[in-house]
Amino acid sequence: MTRLETASAALARATDFVRAGRLATDIPECTLGADISRSRHTRMIANVLRELDCLLSILIDETALAIDPELEPRPAFGRQRNTANKLRNLHTTLRLSTPRHDRLRALGKARDCLFHCAGIVRRPDARGGNIMTVGWPGFPADGLSLRHFSLGERLVVKAVDLENVCDFYDDIASELVMGTSVMRNCGLDTAPSTPAC
């Protein structure tokens, strides 16, 4: 198994685990125990989102290396910590569009809100704004528009939201692995705007 295949399999195992885990459940209101449980629960969800992000970052590194070994030492890849920016840089280097960037950034903001603010929205999308966008669709889930929470509102993550996030990560992984295969099979030194033989 190649390093790229190993990284892809690790992300797939993680998304399967999250789907099966029933991590996002409602917690009863108005009790001290509920407040403690909610705090632990939000951090647990934040850690799950952080792990998915970390595994995607590793997959991006392996994708870059599989396409072009010369990409490995560049700071934009291996040493970059922001996964959304790392994926955008890879796409830019390969002259591909970057449709996933905003959603990955929104997931990062949601993760930080869950971990550092116990799920209470404190930072808007833009300075002076009053909403924060998260990385899963609103309701009804149309797959296009991402959900927004107002400042001071509690960020609620449901099981269906985590499933949607897992689908999103799986889609990115499939695109990376499939795109790498196409580029290698075509013998491309630098990817065209639409990889095709």
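Which residues does L56 touch, not counting residues up to four places away in sequence? In this predicted model, the partners of L56 are L11, T83, L104, Y169, I172 and L176.

**Overall fold**

The protein chain has 197 residues, of which 42% count as buried. Its secondary structure comes to five helices and two strands. Read from the N terminus, the order of the elements is α-α-α-α-β-β-α. Among the contacts in the protein chain with a separation of 6 or more, 60% are accounted for by residues 24 or more positions apart.

**Nonpolar core**

L56 also belongs to the largest nonpolar core, which has 42 residues. Within this core, the residues that touch the most other members are L52, L56, L59, L104, W136, L155 and L176. The elements that give two or more residues to the core are α1 (3-21), α2 (32-67), α3, α4, β1 (131-137) and α5 (159-185). The greatest contribution is that of α2, with eleven residues.

**Aromatic pair**

A pair of aromatic rings is described by the distance of the centres and the angle of the planes.

**Accessibility of selected residues**

| Residue | Relative accessible area | Class |
|---|---|---|
| A84 | 5% | buried |
| A118 | 33% | partly exposed |

A84 counts as buried because its relative accessible area of 5% falls under the 20% cut-off. A118, at 33%, falls between the limits of 20% and 50%, so the class is partly exposed.

A84 is placed in helix α3. Not counting residues up to four places away in sequence, A84 touches H101, L104 and R105. For A84 and R105, the separation is 21 residues in sequence, while the C-alpha to C-alpha distance is 5.8 Å.

**Largest pocket**

How much space lies in the largest pocket? The volume is about 500 Å³. The lining consists of 21 residues, and those closest to the centre of the pocket are R105, G108, K109, D112 and R123. Two or more lining residues come from each of α3 (83-93) and α4 (101-116). The largest share is that of α4, which supplies eight residues. By type, the lining divides into ten charged, seven nonpolar and four polar residues.

**Backbone at A118**

A118 is found in the loop between α4 and β1. Its phi is near 55 degrees, a positive value in a residue other than glycine.

Key:
Residues numbered from 1 in each chain as written. Predicted model: local features only at pLDDT ≥ 70, side-chain atom pairs only at ≥ 80, totals over all residues. Heavy atoms only, no water. 1 Å grid on protein atoms, 1.4 Å probe; cavity = no way out; pocket = protein on both sides within 12 Å on 5 of 7 lines; lining within 4 Å. Points joined across faces, edges and corners; volume = space filled by probe spheres on them. Helix = DSSP H or I, 4+ residues; strand = E, 2+ residues; numbered from the N terminus. Nonpolar A, V, L, I, M, F, W, Y, C, P; charged D, E, K, R; others polar. Core = buried A, V, L, I, M, F, W, Y, C linked by side-chain atoms within 4.5 Å. Buried < 20%, exposed > 50% of the residue type's maximum accessible area, 1.4 Å probe, protein only. Contact = heavy atoms within 4.5 Å.
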